[in-house]
Amino acid sequence: MKNSFDRLIDRRIVPTEKWSKEKLNEYFGSSEVLPLWVADMDFEVSNTLVEDLKERAEHGVFGYEYKSNRHHQALIEWYEKRHNWKINIHHIHYAPSVLTAISILIETLTNEGDQIIIQPPVYYPFSKIIKSHNRKVVKNSLRLVGKKYSIDFDDLEEKAKDPKTKLILLSNPHNPVGRVWSRDELRRIGEISIKYGLMIISDEIHGDIVFNGYNYTPMSTVSNEIMDRTITCLSPGKTFNISSLSTAAVIISNKMVAEKYQDLINKYHLNHTNAFSAVAFESVYKNGEAWFNELMIYLEENYYFLEKYFEIKLPNAKVIKTEGTYLAWIDLRYLNLDAKELQRFIIEEAKLAFDFGHWFGREGAGFVRVNMACPRMILKKALNQLKEAIESK
Ligand SMILES: Cc1ncc(COP(=O)(O)O)c(C=O)c1O
């Protein structure tokens, strides 16, 4: 049966972060807002996945489990087929989530007081995690020219040169600016890391969600030397909309790093296997491709719908070209509102819950991030609300 991404599903009957009134009140001070924020999708997963989970539930025994060879192979085959990346089975490690992995990796790779480079505006938990470990955030802010962000390599090299800098934390593809970094850009980051002895954590959770005309390059495939200093965080969470099933993979080729990472995973007992996560992981990587291909068509159409909407109805707003991820990054600086005023305006006047640009760093002030992974009707309703609010301003 074909999935209908247009179907409206009441997500409030489960405790959903994005939609629950409780969470909307907590984050936006109002529950009367249409939510297009948290990066998950308002879509049902494939029937195959639902059937596989049901079958596991009906087995009825949920004692201790482990991740079998089938589990590793499902990941290996997906990445080889979709991205031409032959992951070595001995390089695969796991974590309950990508953010858990990043946190453990920061502890593995750096000491208190060390500096870690991020590229803002960027996914805000990055700086929070770095600070929570008493490490220092160093910003290699992205540059916006026209509708496209790029990396300031001179600045990156300056920051990398500092002996206190130990690590670069990448978002590849980049949340929220939607860039799918090219092989050449990744090579330049890798070369700078090699030159100054930095390690790289490459968060590639959005790697599958790339629009036509762009190619996701796993950082570790750029060269063997780069692979040796790269740790890649992967997850089926975004691709297949199973974030609450909490499962992530971490690819580490450097033996010393792998040992230290695994020691910390063991120390905090983070290696338990959840039966449902494991079934989902195998199911989606083995049998999820047809559903995912349909999803990508819908997401890309949503993006073009949004782009056209702004072009025709709100031409002063600038829609940054989304190359990958299902997030739109929109420049509303022409409204001349400071970060707080824009937030108030969007919540109170437009009655919308977006991720506000300044959450991603000072560089994002005046922007909003719109989650396009929803039925087109919802997207259209949100854009109409935004337009009406702007027009009556
Ligand atoms: C770049 C990036 N990394 C990590 C995450 C969170 O991943 P997880 O739920 O596996 O911790 C997100 C979720 O939005 C994300 O956008």
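This is a predicted model: local features need pLDDT of at least 70, side-chain atom pairs count only at pLDDT 80 or more; totals for chains, interfaces and linings use all residues.

Entry 1: I then looked up helix α4 (residues 98-109) and helix α10 (residues 255-267), which pack at an angle of about 120°, with their axes 9 Å apart. Because of that angle, α4 counts as oblique to α10, and I wrote down that the crossing of the two is right-handed. On the α4 side the contact is made by Ala-101, Ile-104, Leu-105, Glu-107, Thr-108 and Leu-109, while α10 brings Val-257, Lys-260, Tyr-261, Leu-264 and Ile-265. When I sorted the residues of this contact by class, I found eight nonpolar, one polar and two charged.

**Entry 2: the largest pocket.** I looked up the volume of the largest pocket, which comes to about 1,400 Å³. Its lining has 46 residues, and the closest to its centre are Val-38, Ala-39, Asp-40, Ser-243 and Ser-244. By class, the lining of the pocket divides into 23 nonpolar, twelve polar and eleven charged residues.

**Entry 3: the cavities.** How many cavities of 30 Å³ or more are there? I counted two, and the largest cavity holds about 40 Å³ of space. Val-45, Ser-46, Leu-49, Phe-240, Val-284, Gly-288 and Trp-291 line this largest cavity, and among these I noted five nonpolar residues, two polar and no charged ones.

Definitions and conventions: Residues are numbered from 1 along each chain as its sequence is written. Side-chain values use heavy atoms; hydrogens and water are left out. Axes are lines fitted to C-alpha atoms, for helices over the stretch in contact, and angles run from 0 to 180 degrees between N-to-C directions. Helices (H or I, at least four residues) and strands (E, at least two) are DSSP runs, numbered from the N terminus. Angles under 35 degrees count as roughly parallel, over 145 as roughly antiparallel, 65 to 115 as roughly perpendicular and the rest as oblique. A crossing is left-handed if the near helix is turned anticlockwise from the far one by less than a right angle, and right-handed if clockwise. Contact means heavy atoms within 4.5 Å. Ala, Val, Leu, Ile, Met, Phe, Trp, Tyr, Cys and Pro count as nonpolar, Asp, Glu, Lys and Arg as charged, and the others, Gly among them, as polar. On a 1 Å grid over the protein atoms alone, a cavity is a set of points where a 1.4 Å probe fits but cannot get out, and a pocket is an open set with protein on both sides within 12 Å along at least five of seven lines; lining residues have an atom within 4 Å of a point. Grid points are joined across faces, edges and corners, and a volume is the space filled by probe spheres set on the points.
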